[in-house]
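Here are my notes for you on this one. Keep the structure open while you read, and click on each residue as it comes up.

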Amino acid sequence: MKVLPIYKQIENEIINNIDNNIYLANQKLPSERELAEKYEINRLTVAKAINHLEELGYVYRVRGKGTFVAHRTNKITLGGGTRNVNAGFTATTKNNGILSYSRVIYSGLITQYTTMARRLRISPDEPIFALHRIRYMDDIPVLVEYTYIPATYFPHVEEQDFSMLSLYDYMKKYNRISTDFHQKLTIMKCPKKEAKYLNIVGKDDSIFYFEYLGRTNKGEVVEYTRAYYKSEVVQFRFNQYYADFNSNDN
């Protein structure tokens with residue numbers, strides 16, 4: 001079994017202390033020198049841990065005063081939405097009072113993407129709108145998202161600016177919002193390209209890989225998405241339902 005690097009162990013302990021309210025919002029953390037003495041390591045290792053925590057948004061520095069616990073939600077909870085309710089990234093962060101925005105990597109119409117056309121239940125000749133984005137939460141890159149939707153359902157979709165506009169809100173405008181999802185969640189090592197997008201450093205960092213297909217309440221396939229979530233700042237909630245198969249028995 002691999003042992004986590006010392007700086008990651010320090011990170012995890014500080015994060016646990018924040019999550020359990022041992023360190024409170026805007027409370028000053030022990031100095032790097034004090035932490036180095038506590039863990040019996042050099043200050044460079046402590047500095048590496050604190051720098052990464054600052055990058056993730058757990059702490060902030062005040063010049064001449066020290067390092068403090070950031071006043072923010074440490075993890076955003078995604079999933080668990082109900083039918084006809086937008087539980088997407090933009091809506092969820094907004095509801096939690098968190099500033100979010102996107103950087104569009106690619107946006108445009110594509111055709112002859114046979115595999116994707118099959119997933120969307122359309123002909124390879126029909127246009128697909130591809131939207132690739134890096135999603136940010138309080139200026140921290142949280143996820144890389146690759147979304148594909150049938151362009152014929154959404155006129156002039158390629159002209160929209162989805163750096164701020166919610167894709168789900170736009171889809172709802174045309175009464176083709178996803179209400180039923182076929183979902184797959186995997187924990188995996190972050191691929192190199194996505195690790196660069198998410199500012200993930202180190203071989204031991206794992207991410208949530210989410211893959212889902214969205215259908216309308218009429219059964220139309222309107223969305224296929226692949227997404228890579230930074231696990232330090234995202235957690236998922238799932239609702240599970242069961243059907244009473246005997247309720248309609250004659």
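The points below go through a helix pair and then some salt bridges.

1. Before anything else, bear in mind that this is a predicted model.

2. Start with helix H1 (residues 6–19) and helix H3 (residues 43–56), which pack with their axes 8 Å apart. The angle between H1 and H3 is about 50°, so H1 counts as oblique to H3. If you look at handedness, the crossing of H1 and H3 is right-handed.

3. Now for the residues that do the touching. From H1, the contact uses Ile6, Tyr7, Lys8, Ile10, Glu11, Ile14 and Ile15. H3 brings Thr45, Val46, Lys48, Ala49, Ile50, His52 and Leu53. Sort the H1–H3 contact by class and you get 9 nonpolar, 2 polar and 3 charged residues.

4. On to charges: the count for the model is 8 salt bridges. Have a look at Glu13 and Lys38, whose closest N and O atoms are 3.2 Å apart in a salt bridge. Glu13 sits in helix H1 and Lys38 in helix H2 (residues 32–39), so this pair, 25 residues apart, links distant parts of the chain. Is Glu13 buried, exposed or partly exposed? Its relative accessibility is 30%, so Glu13 counts as partly exposed.

5. Next, find Arg33 and Glu37, whose side chains form a salt bridge with 3.3 Å from N to O. Both residues belong to helix H2, and they are 4 residues apart, about one turn of the helix. Arg33 has a relative accessible area of 43%, so it is partly exposed. Glu37 has 53%, and the cut-off for exposed is over 50%, so Glu37 is exposed.

6. Arg133 lies in strand S5 (residues 128–137) and Glu145 in strand S6 (residues 140–150). The two are 12 residues apart, and the pair links distant parts of the chain. Are these two residues buried or exposed? Buried means under 20% relative accessible area. Arg133 comes in at 3%, so it counts as buried, and Glu145 at 6% is buried too.

Methods. Residues numbered from 1 in each chain as written. Predicted model: local features only at pLDDT ≥ 70, side-chain atom pairs only at ≥ 80, totals over all residues. Heavy atoms only, no water. Axes fitted to C-alpha atoms, helices over the stretch in contact; angles between N-to-C directions. Parallel < 35°, antiparallel > 145°, perpendicular 65-115°, else oblique. Left-handed = near helix turned anticlockwise from the far one by under 90°. Contact = heavy atoms within 4.5 Å. Nonpolar A, V, L, I, M, F, W, Y, C, P; charged D, E, K, R; others polar. Salt bridge = Lys/Arg side-chain N within 4 Å of Asp/Glu carboxyl O. Buried < 20%, exposed > 50% of the residue type's maximum accessible area, 1.4 Å probe, protein only.
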